[in-house]
Amino acid sequence: MSTPILEVNDLKKHFPIHGGFFGGRTGYVYAVDGVSFSIAKGETLSLVGESGCGKSTVGKAILRLFPITGGSVNLDGTRIDDMPSGTLRPMRRRMQVVFQDPFSSLNPRMRVRDILAEPIRNFGLAKDAADIEKRVGDLMDRVRLPRDAVGRWPHEFSGGQRQRICIARALAADPDLIICDEAVSALDVSVKAQIVNLLQDLQKELGLAMLFISHDLAIVEHMTHRVAVMYLGKIVEVAPKRQLFAAPKHPYTEALLSAVPVPEPGAQRERIILTGDVPSPINPPKGCRFHTRCPYAFDRCSKEEPELRPTEEGHFAACHLHDRPASENPLAGARGAAVIAHH
Ligand SMILES: Nc1ncnc2c1ncn2[C@@H]1O[C@H](COP(=O)(O)OP(=O)(O)O)[C@@H](O)[C@H]1O
Ligand SMILES: [Mg+2]
């Protein structure tokens, strides 16, 4: 097997909390607390979970937008988390990001042509001015925008079109990996689907690897190879998409899935409503972090933290249920998420 484009090992990011009378440190936000995953070249991995579980922090840590507390990040076999910024430059080109808000992420004083030309110039990717112009035109084609729109300003475009410009700008650097952080979350439903389709096409056409971060499990159903589910700073389940959607092996995934509409007419999943508030990442629950909201929790869950372990080929879950006999494990068998037919 070839070297993964991205390898994240035991990544931790704890934000210090400063407070109190003397402004000293009073604790930490355990935003990301031991996250490991890898992405193969040309593969899409979706990172999903409720707001505040640490998804963006994972993305920002990979992009080195701040120093990490622990663990390591490797890009194509090279460790980058401890690289001095001088040597990091060529690595930065190889991973690009598309954020949620296409309004604030485009400079309103730059025409589209200049927005797209900037990374091409910065990374020295073009021979001359004509080459830049050609590349800019090609990028417009790639994201299905008319070439003659390069002379326009960001405010002249709709939200979906602006997100296409952000995607084109990411592609301008000729990256191997694109991190999309809630890239479609702010868009209208119909526009959302168009941008998801575009990302999927680009991923196939260009053989790009993608880390697709989303709080919405439904949106990833049609685009990703694998899914990693996060809860309170940890990955609780990772699996190929089909396996995860058909038979989740973590109660949290099962609950998230129960809210995703089923395409077959007349069928619906039994909705699992999680009780209890999302605990604070400042003081996460002992044992399994999900036990305070888990419908299946038993005594061991509040005492011992479950490790992410394989439940079958390529499928990993961090849940003590899988140590129990199948008859006492509601997530055993082919269909974890109950789908009930209505006639
Ligand atoms: N710069 C920061 N300083 C302190 N806490 C932060 C900072 N960034 C994020 N957090 C906290 O870390 C946790 C995870 O945040 P985030 O990664 O943005 O979650 P998500 O993207 O899944 O919604 C949250 O509790 C958030 O408040
Ligand atoms: Mg986020």
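Predicted model: local features only at pLDDT ≥ 70, side-chain atom pairs only at ≥ 80, totals over all residues.

**Around ligand 1**

Start with the ligand. Its neighbours are Phe 15, Val 29, Ala 31, the run of Glu 50, Ser 51, Gly 52, Cys 53, Gly 54, Lys 55, Ser 56 and Thr 57, and finally Pro 281. Sorted by class, that shell comes out as 5 nonpolar, 5 polar and 2 charged residues.

The contacts are listed here with their distances:

| Residue | Polar atom of the residue | Distance to an oxygen atom of ligand 1 |
|---|---|---|
| Gly 52 | backbone | 2.6 Å |
| Ser 56 | side chain | 2.9 Å |
| Thr 57 | side chain | 2.5 Å |

How much of the ligand does the protein cover? On its own, ligand 1 has 560 Å² of accessible area, and the protein covers 61% of that. Two elements each give two or more residues to the shell: β2, spanning 25-39, and α1, spanning 55-62. Of these, α1 supplies the largest share, with 3 residues.

**The largest pocket**

Next, the open spaces. The largest pocket holds about 410 Å³ of space. Its lining counts 16 residues, and the ones nearest the centre are Met 95, Gln 96, Val 97, Phe 123 and Arg 169. Elements giving two or more residues to this lining are β6 (95-98), α3 (112-122) and α5 (159-172). Which element gives the largest share of the lining of the largest pocket? That would be β6, with 4 residues.

About 330 Å³ of space lies in the second largest pocket. Here 17 residues form the lining, with Leu 139, Arg 142, Leu 171, Asp 174 and Leu 206 lying nearest the centre. Two or more lining residues come from each of α4 (129-142) and α5. The element α5 also turned up in the lining of the largest pocket. In the second largest pocket, the largest share belongs to α4, which gives 4 residues. The class count for this lining is 9 nonpolar, 2 polar and 6 charged residues.

How values were computed: Residues numbered from 1 in each chain as written. Chains lettered and ligands numbered in written order. Heavy atoms only, no water. Near = heavy atom within 4 Å. Polar contact = N/O pair within 3.5 Å; in protein donor to acceptor, adjacent residues only side chain to side chain. Areas by Shrake-Rupley, 256 points an atom, 1.4 Å probe, with all protein chains shown as cover. Nonpolar A, V, L, I, M, F, W, Y, C, P; charged D, E, K, R; others polar. 1 Å grid on protein atoms, 1.4 Å probe; cavity = no way out; pocket = protein on both sides within 12 Å on 5 of 7 lines; lining within 4 Å. Points joined across faces, edges and corners; volume = space filled by probe spheres on them.
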